[in-house]
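Please walk through this protein with the model open beside the text.

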Amino acid sequence: MTAEERSVQRDRMRFTKNSLSSNLAIIGILFNVFYFVSLYKSDVGTYYYTILIGGSIVYNLIFMLAVFLASEGVKNYKQSYSYLLLVIGALQIARIFIIPSQAHAALTLVNGAEVPVMEDAQFIRIVVYLAVSAACLILSALVNLYKCRELSTHMKSLETQTA
């Protein structure tokens, strides 16, 4: 790509939305939805009837609202929303070690027999959902940070050309 083509591409950023970052954040929400549907549809005795699951439900609601807000922010090249997405992406990774890990290691009594709370297949699926969600959020943030830097550099060069 020539320098002129790169300049035109940067100039276009002033008038177009950052749809890649926004779409990655929305995909992060989608994989979080897959996670909680897979987790909450589990009916293994009364293991999941705890305050931890209640907190998880509240977190999921806040997660979806915050990431949707951030997706709109990164769509408009707002750098601060990238930091929010990075934090939430890290929290998605941390969530792997809370409910899924505990449930995978636990046994519960159902009809007089001890059964695992979470089978291996469900555990792997849930971990993949959380990992993909985290990867999408972190990638969304990194793409936005890069594009914000490019746009900022371009805007400064335009200011110096007109001065």
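Predicted model: local features only at pLDDT ≥ 70, side-chain atom pairs only at ≥ 80, totals over all residues.

The paragraphs below take up confidence, a helix pair, a hairpin and one serine.

The mean pLDDT of the protein is 92. A score of at least 70 is reached by 99% of the residues. Confidence is lowest in helix α1, residues 3-12, where the mean is 78. Confidence is highest in α4, at 98.

Now turn to the helix pair. Two packed helices are described by the angle between their axes and the distance between the axes. Helix α2 covers residues 19-40, and helix α6 covers residues 120-162. These two pack at an angle of about 165 degrees, and their axes lie 8 Å apart. Angles over 145 degrees count as roughly antiparallel, so α2 is roughly antiparallel to α6. The crossing of α2 and α6 is left-handed.

Strand β1 spans residues 107-110, and strand β2 spans residues 113-116. The two strands run antiparallel and are joined by four bridges. Val110 stands opposite Ala113 in β2. Two residues sit between the strands of this hairpin. Asn111 takes a positive phi there, near 55 degrees.

Finish with Ser82. This residue belongs to helix α4, residues 80-95. Is Ser82 buried or exposed? Its relative accessibility is 0%. Buried means under 20%, so Ser82 counts as buried. Which residues does Ser82 touch, leaving out those up to four places away in sequence? They are Val74, Ala141, Asn144 and Leu145.

Notes:
Residues numbered from 1 in each chain as written. Heavy atoms only, no water. Buried < 20%, exposed > 50% of the residue type's maximum accessible area, 1.4 Å probe, protein only. Contact = heavy atoms within 4.5 Å. pLDDT = per-residue confidence, 0-100. Pairing = 2+ DSSP bridges. Axes fitted to C-alpha atoms, helices over the stretch in contact; angles between N-to-C directions. Parallel < 35°, antiparallel > 145°, perpendicular 65-115°, else oblique. Left-handed = near helix turned anticlockwise from the far one by under 90°.
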